[in-house]
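I opened the model to look up a few local features and the overall build. My entries follow in the order in which I made them.

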Amino acid sequence: MNYFEQVLQNQILINAVIGWFCAQVLKTITHLIVYKKLVLERLIGDGGMPSAHSATVCALATTIFINVGPASTEFAIAAILAIIVMHDACGVRLETGKQAQILNEMMEIFESMSNTSLTTEEKLKEFVGHTKLQVFMGALLGIGIAILLG
């Protein structure tokens, strides 16, 4: 069996990827419902409801828990990784998004004063972090996927 076939049979990896993918699709749908506008960038973008970061690491950790066991080294590593990723998503990255929003607003004021405009590439990304609810919902999604798919 070659490496590619082995990767495709790795349930732990598959569940983590499915967790990420489902969260990204749900994030795009949620954005469409809330803002009444389809933004395909949400399919790969950061931030939003639910957290794809949380869904991914929780699907990973839960699948390891189910397949390898709670006393395993693999589960310990995955659990600590999940805690760090989720803490970062609703901590540092959320604050970074808030700062980006404020800086973008300041730049708009400067633009209006100088009659110049910034390109979309020059504006800072505001959707980079998650609220605690977004992280929690992503975690539930990842855990649910792992339980359903084993």
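I began with Lys 36, which counts as exposed because its relative accessibility is 69%; exposed means over 50% relative accessible area, buried under 20%, and partly exposed in between, with a 1.4 Å probe and protein chains only. The model is a predicted one, in which local features need pLDDT of at least 70 and side-chain atom pairs count only at pLDDT 80 or more, while totals for chains, interfaces and linings use all residues. Residues are numbered from 1 along each chain as its sequence is written, and side-chain values use heavy atoms, with hydrogens and water left out.

I placed Lys 36 in the loop between helix 2 and helix 3; helices (H or I, at least four residues) and strands (E, at least two) are DSSP runs numbered from the N terminus. Lys 36 is not a glycine, yet its phi is positive, about 55°. I noted Pro 50 in the loop between helix 2 and helix 3. The peptide bond from Met 49 to Pro 50 is cis, with omega near -10°. For reference, most residues other than glycine have a negative phi, and most peptide bonds are trans.

I then looked up Leu 40, in the loop between helix 2 (11-35) and helix 3 (52-67). Leu 40 counts as exposed because its relative accessibility is 55%. Leu 40 belongs to a nonpolar surface patch with Trp 20, Phe 21, Leu 32, Leu 38, Leu 43 and Ile 44, with about 700 Å² of accessible area together. Patches are made of residues with over 30% relative accessible area and no salt bridge, joining like charges within 9 Å and nonpolar side chains (Val, Leu, Ile, Met, Phe, Trp, Tyr) within 5 Å. Areas come from the Shrake-Rupley method with a 1.4 Å probe, and for residues only the protein chains shown count as cover.

How many salt bridges does the structure hold? I found one, between the side chains of Arg 42 and Glu 41 at 3.4 Å, N to O. The term requires a side-chain nitrogen of Lys or Arg within 4 Å of a carboxyl oxygen of Asp or Glu. Arg 42 is buried, at 2% relative accessibility, whereas Glu 41 is partly exposed, at 37%.

Is Lys 27 buried or exposed? Lys 27 lies in helix 2 and counts as buried, at 3% relative accessibility. Leaving aside neighbours within four places in sequence, I listed its contacts (heavy atoms within 4.5 Å), among them Arg 42, Asp 46, Met 49, Pro 50 and His 130. Lys 27 and Ile 44 are 17 residues apart in sequence, and 9.5 Å apart from C-alpha to C-alpha.

**Helix 3 against helix 6**

I checked how helix 3 packs with helix 6 (residues 132-149): the angle is about 35° and the axes are 7 Å apart. Axes are lines fitted to C-alpha atoms, for helices over the stretch in contact, and angles run from 0 to 180 degrees between N-to-C directions.

Thr 62 lies in helix 3 and is buried, at 14% relative accessibility. Not counting residues up to four places away in sequence, Thr 62 touches Ile 143, Ala 146 and Ile 147. Thr 62 and Ile 147 are 85 residues apart along the chain, with 7.5 Å between their C-alpha atoms.

**Whole chain**

Last, I noted six helices and zero strands. Of the 150 residues, 32% count as buried.
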